[in-house]
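The report below takes up the pocket, its lining and the contacts in turn.

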Amino acid sequence: MKAAELFVQALENEGVEYVFGIPGEENLDLLDALSRSSIRLVVTRHEQAAGFMAATYGRLTGSAGVCLSTLGPGATNLVTAAAYAQLGGMPMVMITGQKPIKTSKQGQFQIVDVVDMMNPLTKYTKQIVSATNIPYRVREGFRLAVEERPGAVHLELPEDIAREDTDESVMEASLVRRPVAEEKSLRAAAQKIEAARHPLILVGAAANRRLTSRMLSRFVEQTGIPFVTSQMGKGVVDENHPLFLGTAALSSDDFVHRAVEHADLIVNVGHDVIEKPPFFMTIKGVDVIHVNFFTASVDPVYFPQTEVVGDIAHSVWQLSERVSAQPGWDFSFFMQVREAGESYIQQSVHDDHFPMRPQRIVADVDRVMPDDAILTLDNGIYKIWFARNYKARFPNTVLLDNALAAMGAGMPSAIASRLVHPNRRIMAICGDGGFMMTAQELETAVRLGIDLVVLILRDDAYGMIKWKQSQMGFQDYGLDFGNPDFVRFAESFGAHGHRITRAGELAEVLESCHIANGVHVIDLPVDYSENDRILNQEIKDLSRRI
Ligand SMILES: Cc1ncc(C[n+]2csc(CCOP(=O)(O)OP(=O)(O)O)c2C)c(N)n1
């Protein structure tokens, strides 16, 4: 058989269901082999979007998502998605083509050293130089992509190698279990937790795994210790739980930070320094227990005193076997924080102001999304509002990127989420800036015949940067733009377009879009004029009064 066929067999052997991407002439042998495989090719309109889709597939399933591009320009278009997967800890394998490596008559046309280019953005980047290497390169690539900490992998399959004849066969995965934490560290951590006066659990990105979620929910339930989350730790434990104190969406001075400042011990589960963490290490006298797959890297903002290193789900389970609720624990201040934070959120759920303010938008979205629904957030100022006000109930139901924080991932992530979860409610939330970075994928969604809701928060500007600009005392400059008519834009793709004209309409329109079939794009004018006052002053002042 041809090497390209062996390559596709190796992908099938890894359980690959989808390949997202844009083939070039250098991938034609691979494409031909794919056409006879069990794998579904999802052709996109930009390689970056294919990468976002593959990464999201990986994030949701724990198995590597796969994307494909040609050499040179196709591969350079994958760069942002590679960084997205790598920083976000999402398993993804990128396959790129290349000119023949043995003899080529085309000089340097379109040649970029893609393997080198991917080096800082991946866990593993290799050119396949012989058909014989395919089984082990593919196996090693997939192994590394999914292994903690998951990330991006790149394999380059040159045209002449893809065409070689081979009689190699694929390699099977070995049975492997993650190492678990050692007894002494578990005992030390358990003793510290029981001896503390105000212990607090902080849930981070690496805890966003199904089994860890179960174990952590049990730990919270059993011990009664309150918890807060980072942005990418949202949903690991049900945020409607009475012990949930909030998500750290702002860097400091939100209600939730008052709880963090009050804690004398933080059990930091699944912390990843890639996420901007709440700056608790500077708090006087605070003790931090790091529960993670790896030891904490030395960092000026993070230097825990105790480390419980090993499979996180196992460590949390073991801690729950060793820690019981203590009479000396005092959570009364934490409960005041929860009460104050919650009633502040509730104040704006009926705000009829139009254009709508973000707080009411979050409340309306929350109302129409059932517990297992998935929100995929692009990057803009609304991300802060959704992170702090929306209640996620299950792991991986709020797919936001607080690692690379790249604009443009919102809609492609929603498309991939739909392929993984055909029966859940799925909604992309995008700013008008971020949406337009991958808007062409509306065509992909329509062509796939999927049901999808895309909510565009339209302020005709790069709102997040405007907020920072005003916070830093600069004049309003350089951040406004015009927009297409999003309703007609959507319709031109064969999608349905909707425009919200008063606050009361939003929940109703969202509900009807979710019930209807097809792709729905909603143009929602948003008023960000209060962002600065609220995020930088009001929340700070109110939270200080607790
Ligand atoms: C690819 C990329 N380019 C630039 C930025 C910097 N950036 C962060 S948020 C933002 C503005 C987002 O604007 P929009 O999508 O309209 O959302 P808004 O903040 O207005 O709600 C920019 C430019 C980024 N994070 N990613």
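In this predicted model, the ligand sits in the second largest pocket. Two elements, helix H17 (432–437) and helix H19 (463–471), each give two or more residues to the shell around the ligand, and H17 provides the largest share of that shell, with four residues.

The second largest pocket has a volume of about 710 Å³, and it is lined by 42 residues, of which Lys276, Ile384, Met464, Trp467 and Lys468 are the closest to its centre. At least two residues of this lining come from each of helix H15 (382–389), H17, H19 and helix H22 (531–544), while H19 gives the most, with six residues. Sorted by class, the lining holds 21 nonpolar, 13 polar and eight charged residues.

Turning to the ligand itself, there are 19 residues around it, and those that come nearest are Asp432, Gly434, Gly463, Met464 and Tyr528. The shell around the ligand consists of 11 nonpolar, six polar and two charged residues.

| Residue (backbone atom) | Ligand atom | Distance |
|---|---|---|
| Alanine 405 (N or O) | nitrogen | 2.8 Å |
| Glycine 434 (polar atom) | oxygen | 2.8 Å |
| Alanine 461 (N or O) | oxygen | 3.1 Å |

Taken alone, the ligand would expose 590 Å², and the protein buries 77% of that area.

Definitions and conventions
Residues are numbered from 1 along each chain as its sequence is written. This is a predicted model: local features need pLDDT of at least 70, side-chain atom pairs count only at pLDDT 80 or more; totals for chains, interfaces and linings use all residues. Side-chain values use heavy atoms; hydrogens and water are left out. A residue is near a molecule or strand if one of its heavy atoms lies within 4 Å of it. A polar contact is a pair of N or O atoms within 3.5 Å; within protein, one must be able to donate a hydrogen and the other to accept it, and residues adjacent in sequence count only if both atoms are side-chain atoms. Accessible areas come from the Shrake-Rupley method with a 1.4 Å probe; for residues, only the protein chains shown count as cover. On a 1 Å grid over the protein atoms alone, a cavity is a set of points where a 1.4 Å probe fits but cannot get out, and a pocket is an open set with protein on both sides within 12 Å along at least five of seven lines; lining residues have an atom within 4 Å of a point. A molecule sits in a cavity or pocket if more than half of its atoms lie within 2 Å of its grid points. Ala, Val, Leu, Ile, Met, Phe, Trp, Tyr, Cys and Pro count as nonpolar, Asp, Glu, Lys and Arg as charged, and the others, Gly among them, as polar. Grid points are joined across faces, edges and corners, and a volume is the space filled by probe spheres set on the points.
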